[in-house]
Amino acid sequence: MSGTRLRESERETAADGPPAARTGRFGALGERYGLVLLLAAVIVFFSVLPASSAAFTSTANVQSVLASIAVVSVLAVAAVFPLACGQFDFSIAATSLVSSIVCAATMSDHHAPLAVAVLCGVGAGVLIGLVNAVLVALLRLNAFIITIGTATLLPGLVQWYTHGVDLVRDVSQPLRDFGSLTWLGLPRVIWLVAVLTAVCWFVLAHTAFGRRLYAVGSNASAARLVGIPVTALTFCALTLSGGLAGVAGVILTARNGGGLVNSGVDLLFPALAAVFLGATAIEPGRYNVLGAVVGTLFVAVSVSGLTLAGAAEWVPAVFNGAALIVAVAVSTLLARRRGGPLAGAG
């Protein structure tokens, strides 16, 4: 009997491959979906915690969390494109503020129709992205410094134009409805975010453009030697980043019901935390769109749970900062183990 069991065990072992290989497969799956499992664990934890369970699982809270991640998710996706090719764009949040103000001002101050206002808002983001692209890609200036300068400059221009007064007059009601109502039980804005995420994921993961961006980010000198147009790709990545930040600005206008002069800039670090968290999941060691969205959800769900559980006001800020530090550390270690650099992470 024992001999039969031994032979069966040997056959099972042979069929499943060497133990080291199985461990490697499980380890790879753990890396790929660890953040997703952690997100599920956080949801279960706050769903059963007596202090937060009732409010956390309510439909209103689920809709609120999903609506709250709309702008951050688009900003995180916007940040992925320049990071994929080894460049930073710290101006995405400030760009969304300008786009929001332009969109609102086009309706409030110039009484333009909604379609024109949306085009102007997105166009403002593309224009800012183009300026960054010229300075970084064509003039070869440091993206870190340039985009920090842009991020500092833009809120000042907003204050100059608005005199510190929010633009909420004559904002289109359909735009307000888009930002506050639901379709099929989900916030309307989240449907737009889902479509944008799917398109950007496909572009980065399944097109030659995306593969070349990652090649530039991995080793720009080697990419240039094999004929990849490094300058053009960097230019496109920064312009795309500005355009997506412009879309985030229009969503911000819809969510706020107008252009608020102090809205959006504080979303930079949550977006970056989501991007670096995302680099630890789905495609570990590489900035990726799906990982960034999972990272956004993880931060938003965790902060919502902490708030509903009665955590002090300083806890969400500490959580966001700690998440960013841990995410940078983990994603850097993953990238080093796989033999590739991670932009800005050492």
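A crossing of two helices is left-handed if the near helix is turned anticlockwise from the far one by less than a right angle, and right-handed if clockwise. The model here is predicted, with local features needing pLDDT of at least 70, side-chain atom pairs counting only at pLDDT 80 or more, and totals for chains, interfaces and linings using all residues. Residues are numbered from 1 along each chain as its sequence is written, and side-chain values use heavy atoms, leaving out hydrogens and water.

**Exercise 1.** Work out how α4 and α5 cross.

*Solution.* Start with the axes, which are lines fitted to C-alpha atoms over the stretch in contact, with angles from 0 to 180 degrees between N-to-C directions. Those of α4 (residues 59-84) and α5 (residues 92-108) come within 10 Å and cross at roughly 125°. That makes α4 oblique to α5 (under 35 degrees is roughly parallel, over 145 roughly antiparallel, 65 to 115 roughly perpendicular, the rest oblique). As for the hand, the crossing is right-handed.

**Exercise 2.** Classify the ring pair Phe-45 and Phe-46, then say how buried each residue is.

*Solution.* Rings of Phe, Tyr and Trp (its six-membered ring) pair if their centres lie within 6.5 Å; planes under 30 degrees apart are stacked, over 60 edge-to-face, the rest tilted. Here the centres sit 5.1 Å apart with the planes at 75°, so Phe-45 and Phe-46 are edge-to-face. Next, accessibility: buried means under 20% relative accessible area, exposed over 50%, partly exposed in between (1.4 Å probe, protein chains only). Phe-45, at 48%, is partly exposed, while Phe-46, at 6%, is buried. Finally, ring pairs link Phe-45, Phe-46 and Phe-56 into a cluster.

Technical notes: Helices (H or I, at least four residues) and strands (E, at least two) are DSSP runs, numbered from the N terminus.
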